[in-house]
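User: Could you take a close look at one part of this model with me? I'd like to go through the aromatic rings and the sheet beside them.

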Amino acid sequence: GNVGRVEYKEGIFVGYRYYEKEGIKPAFPFGYGLSYTQFTIEDLEVQQTPDASWQITVKVKNIGDIPGAEVIQCYVSDPFCSVERPVKELNAYQKVFLQPGEERQVTVPLSEQGFAYYDVERKSFVTEPGEFIVYVGNSSDNCRLQGRIVL
């Protein structure tokens, strides 16, 4: 029987993915943290690496008065995919710890799997060629920097 079986009916639109699809603004978006200082994230560069994968580089600065950590979050969107996908999906992230006034260039490698989706008929992950948009920020609803990748 059905004893001990859990069914997940939400599919891929769970958590922040659901909020973005429905245009809902949550009080505490995914990745939100109570940092006691403030940071700026600027100068996004999207680069291909020698092994043909991708990375992003940003400048992070602690503009507050006390030391603190910020998590740089990279989301990827596939706007022209042949299947329905979330508005954007978390691809990679990196925590950086900075002293007051300290600025650092941070490089975050992107996950190749993060460009793929699971094809039910082929029973494997598929990456469609085309344009992807990379969003970078410190939470799912605060990604002011955008870049492009063409696969």
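Does Tyr 118 count as buried, partly exposed or exposed, and at what relative accessibility?

Analyst: Happy to! Keep in mind that this is a predicted model. Tyr 118 has 45% relative accessibility, so it counts as partly exposed; the exposed class begins over 50%. Tyr 118 forms an aromatic pair with Phe 125, with 5.2 Å from centre to centre and 70° between the planes, an edge-to-face arrangement. Phe 125 reaches 60% relative accessibility and therefore counts as exposed.

The count of aromatic pairs comes to two. In the pair of Phe 115 and Phe 132, the ring centres are 5.1 Å apart and the planes stand at 85°, so this pair is edge-to-face. Phe 115 sits in the loop between strand 5 (103–109) and strand 6 (117–119), while Phe 132 belongs to strand 8 (residues 131–137); the pair links distant parts of the chain, 17 residues apart. Both Phe 115 and Phe 132 are buried.

Nine bridges join strand 3 (residues 68–77) to strand 4 in the antiparallel sense; among the residues involved, Gln 73 has Tyr 93 in strand 4 as its bridge partner.

Lys 88 lies over the face of Tyr 75, at 5.6 Å from the ring centre. Lys 88 also lies over the face of Tyr 135, at 5.6 Å from that ring centre.

Note on methods
Residues numbered from 1 in each chain as written. Predicted model: local features only at pLDDT ≥ 70, side-chain atom pairs only at ≥ 80, totals over all residues. Heavy atoms only, no water. Pairing = 2+ DSSP bridges. Helix = DSSP H or I, 4+ residues; strand = E, 2+ residues; numbered from the N terminus. Phe/Tyr/Trp six-rings, centres within 6.5 Å; stacked < 30°, edge-to-face > 60°. Buried < 20%, exposed > 50% of the residue type's maximum accessible area, 1.4 Å probe, protein only. Lys NZ or Arg CZ within 6 Å of the ring centre and 35° of its normal.
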